[in-house]
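Hi,

Here's the structure I promised to pass on.

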Amino acid sequence: MNKNIITGLISATLLLTASASVMADNQGQQISSNAYKMVLVEDVPGVDALQTGHVEEGLTATLAASKYTVDDYSRNVNLCAGYVQMSDMEKAQKACSAAVKSARSLVAVPSMSVRAYAYNNRGIMKLMNHDNLGALADFKRAAKVDNSSIYKHNLERLEAALNTAKTGIL
């Protein structure tokens with residue numbers, strides 16, 4: 001299975017409103033330099049729908065895919081992003097944590113770079129749940145194993161926000 005990444009953007013203010021939207025960007029262009037970035041794994045049923053904002057359709061297709069067509073890691077990375085987009089934080093937490101657990105333990109996860117996807121998306125979920133320190137830890141893990149601009153951006157953005165906040169809490 002090809003593990004190419006599609007980047008998407010999640011709109012979130014520093015105060016992290018309860019509703020967030022993921023905006024697809026097929027050409028790799030940034031829609032907003034202030035947005036936190038999430039990742040989706042290609043070749044997973046439902047990825048196109050998730051990317052184009054048809055989240056319920058994307059989640060349904062991803063959940064319906066057999067274990068023969070998609071591995072648990074890839075499924076959970078995409079479910080994490082979809083549930084965050086839907087602001088269903090209970091399901092997002094379960095999917096994000098399952099993706100991280102799979103990334104740590106499965107031989108099928110081909111590289112440390114791929115493991116960064118799970119940490120990054122879980123960090124966004126933690127931000128949406130107002131767990132800034134947990135998000136910071138996940139962004140640091142992602143940036144440590146992969147120096148991609150996606151992970152650096154999220155880490156630098158959150159560090160800057162925490163450093164400029166009067167109380168240190170967003």
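Q85 is found in helix 3. Keep in mind that this is a predicted model. Is Q85 buried or exposed? Its relative accessibility is 12%, so Q85 counts as buried, since the cut-off for buried is under 20%. If you look for L50, you'll see that its C-alpha lies 8.9 Å from that of Q85, although the two are 35 residues apart in sequence.

Now for the core. The largest nonpolar core has 45 residues, and those touching the most other members are V84, Y117, F139, Y151 and L158. Several elements give two or more residues to this core, among them strand 3 (36-41), helix 3 (72-85) and helix 7 (149-164). Which helix gives the most? That's helix 5, with nine residues. As background, nonpolar side chains tend to be buried together in soluble globular proteins.

There's one aromatic pair to find as well. Y36 and F139 are stacked, with 6.0 Å from centre to centre and 20° between the planes. Because Y36 sits in strand 3 and F139 in helix 6, the pair ties together parts that are 103 residues apart in sequence. Y36 counts as buried, at 1% relative accessibility, and F139 is buried with a relative accessible area of 1%.

The buried residues of helix 7 include I150, H153, R157 and L162.

Cheers

Note on methods:
Residues numbered from 1 in each chain as written. Predicted model: local features only at pLDDT ≥ 70, side-chain atom pairs only at ≥ 80, totals over all residues. Heavy atoms only, no water. Core = buried A, V, L, I, M, F, W, Y, C linked by side-chain atoms within 4.5 Å. Buried < 20%, exposed > 50% of the residue type's maximum accessible area, 1.4 Å probe, protein only. Helix = DSSP H or I, 4+ residues; strand = E, 2+ residues; numbered from the N terminus. Phe/Tyr/Trp six-rings, centres within 6.5 Å; stacked < 30°, edge-to-face > 60°.
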